[in-house]
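Please walk me through this structure. I would like a plain account of its loops, its inner spaces and its surface.

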Amino acid sequence: MTESPMPDGEGPPPSADLPGQEPLLEPASGATAAGDGSEPGGQPSPGAFLSNGTDKNEAMADEDAPDGGQVDFVEHRAAREHSLLRTRRSAVSTGKHGTAFYVENYHGESASASSDEVWALPFEADAFVRVHEKVARHAEMALGLKEHHLVVLEGPPGSGRHATAATLFAGVCARYALRTLHRDDGDLLQGVREQAEALLEGGRGYVVDIGAQPYGVRTLETLARIAVRAGVYVVVIGESAPYGADRPQHLVFEHGRPDLSAVLEAHLRDLLATHRTRCAVGRECGPADSEAYIARLAGEGPIDRALGMAASVAEVVRLARKLAECVHSDEADIAGAIGEWRDRLPLLARKLLSPDGASEADLLLDPHRQAIRIAYACFHGHPLADVIETGDLLSGTVLPRFESRDTAPVNLVFSRDLDRLVPREMRAPGTWATTARADGPRRAVLADRELLPALLEVAWHSYGDLRKPLLRWLEAIVSGAPGRASGDVPGRASRSISRKARVPERIKVRVAEIVGILMRFDFDFVYRETVHPWAVSRSSVHQQCAALALEMAYAQEALSRRVTVRLKNWAGGHNRGLHHSAARTYGTTVGLQDLPTALRELRRLGTKPQLASSNAVAFSMASLFLEGPVDPVADELDAWITSRDDHLPQHAVRSMLALGRFTVRTSRRGRPALAELALADERRRHLLVGLLRRALTTQETSARTWTLLERWLTGAEGDDALERLFEEAVPRVLHGPLRGRALFHLGLWRLRRPESAVLRRIQQSIALGTAGPGERK
């Protein structure tokens, strides 16, 4: 069926006689999501029991409010740092000379990074060093680490960066002196800088894996100086980040994949040498036989195809282990081993969900055993408390509504041993024993992050009856559905998320991404059952989840066009909820892929009266500012602040308030992102002035803007460039009708901070009526 950009939210519901038909036309009322518990055909929804009797007034209370409603921008951005998409977040490139700066969020009233402690764990290097296959520029990396005590290995996950780090360390420090640095949240590199004296011990090597987190040049240079002074060696492992002309070539090295055939050969040779020491086969098994076996495999077409399918160096190592087991086998066994390697994750997922082969004691725990495994995979990287809470919700609240149980599963607390519920092959080695500090939460860590989509695919396609319960479970998590009382299901005492408890943003973001993955398996069904009801809802939480689900589906190339059509339908229809959801979606990577269209549509949506009190447009503009090229977004905000439209200036002000809580990373940590933009480009100073003045003269935003301005001014102390900027720009903001209120607020601020020279000079400038900074004394 050919899709057309007809407005979603208009026309009759899709015909029930056409199960495969794509629902381009949906009901405009949004009743399904508003809490009436009905599906388009008028039948009770299986998810109705999850609404807990939500009435219209309660649903209205979830609607976006000027102060942020249910979605907090800073908290949401922090949760997105752990996105399954692994996109590079919070990177901003600006200025005439290509300089890059990065942003981090405020925590509380402070402009500092998260105060979470950085801790170290042993880093085992022996296995890496013995069979490591060197990548390009390895000798330069080794020399850089020896001379500067710090190097950065930039490359995609799975390219063997940890093995290269271990080999580099082998040339400068002892293998037993290696540590890996960790941090629960926040900027890991900045945390290492702040805690260097207490953390770094001379003669040791430290691995700092920052994932997709961006970093600044000055941070690297400062950390390198600290490493030299402390006598330690640091290897930073990260993904590629944007740089300008100041890229530190002596510290940062691109890490590509090694030759995978060479990796396979090296590991095979090492594994076969171990095999010879315990070979029980009666025939000869010497080095020559091993070399002959390796040579025979090198000419096999299936091996070449398998290497082409390998997603990582670790996958090649697993293939080597399979092939080493077949050294005395025939061709059929080798082909079977390659097939098992290729289907390893689906086979493991099927084993994890199937009751076949389980002991009688384990079967008594079904379906809790299956539910906890699904939750463990879905909340990879989250605290174990999230896994237990959501797993209980699935097994104790959702599944009983879809099953006929003669007797309730046994649920003795002491029988629910996580070592049995989550088997060893599913979780990363030593996860619960070594991946968390004694005072920190233990986390769910999969042995292979690709097990998540594999397990979801098996659950979706092999267990057809699990589809609706799975979706209802995800909806219940986002809605904060109540647990069932112990009397509802005999023998069960479910601990699940309370409706009165606020669902953490990290959980809502992950749930939306899981729904997006499920859309890859059945786009129409998941869209109709979950994403569209979320999109037409009046709840900002549900709208944001709909946007994130579309973003995750869009990452699958085969679905990108369908997602684009849906988004166009949302934006072009007449349903208010869909307009909010479309605005939020344009602030994701979907909008970044076509920034001109995203900005044009956000401008059009921003003029609609029904979005006048919503933060959806503002939050998306702030996200595009933080993630994409700054100039087009800044130009658009500049046009909005001076627009004659009744609503666009308000959206521009809200965008500023969202961005105002973000500050520049590392060596210029006190600089607000908007102030850094004004420093890098003088043309942008009038944008900063216009945004501040409009925000201070608007009743809705005035109080928050005064608070934000105080934070900016007091945070500028000691930064000469920032002091000059504010002393020149702030008097231009606080003139005319604002002058009296400005002197009142500045007087209060100076009482709290009498030592502040910035506040004193700005107060003098406004009192004297001068347009620029006062005399600096």
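Arg137 sits in the loop between helix H4 (126–130) and helix H5 (138–148). Helices (H or I, at least four residues) and strands (E, at least two) are DSSP runs, numbered from the N terminus. This is a predicted model, in which local features need pLDDT of at least 70 and side-chain atom pairs count only at pLDDT 80 or more, while totals for chains, interfaces and linings use all residues. Residues are numbered from 1 along each chain as its sequence is written, and side-chain values use heavy atoms, with hydrogens and water left out.

Although Arg137 is not a glycine, its phi is positive, at about 65 degrees. Arg137 has a relative accessible area of 35% and is therefore partly exposed; buried means under 20% relative accessible area, exposed over 50%, and partly exposed in between (1.4 Å probe, protein chains only). His149 lies in the loop between H5 and strand S4 (150–154). His149 also is not a glycine and has a positive phi of about 65 degrees. With a relative accessible area of 12%, His149 is buried.

The next topic is empty space inside the model. Rolling a probe the size of a water molecule over the atoms shows where empty space is left. On a 1 Å grid over the protein atoms alone, a cavity is a set of points where a 1.4 Å probe fits but cannot get out, and lining residues have an atom within 4 Å of a point. Grid points are joined across faces, edges and corners, and a volume is the space filled by probe spheres set on the points. There are 3 cavities of 30 Å³ or more, and the largest cavity holds about 120 Å³ of space. It is lined by 14 residues, of which His76, Gln544, Arg584, Gly587 and Ser623 are the closest to its centre. At least two lining residues of the largest cavity come from each of helix H3 (73–80), helix H25 (540–554) and helix H30 (616–627).

Helix H25 also contains Leu550. Leu550 is buried, because its relative accessibility is 0%. From C-alpha to C-alpha, Leu550 and Val590 are 8.2 Å apart in space, and they are 40 residues apart in sequence.

Phe744 is exposed, since its relative accessible area is 54%.

Key
1 Å grid on protein atoms, 1.4 Å probe; cavity = no way out; pocket = protein on both sides within 12 Å on 5 of 7 lines; lining within 4 Å.
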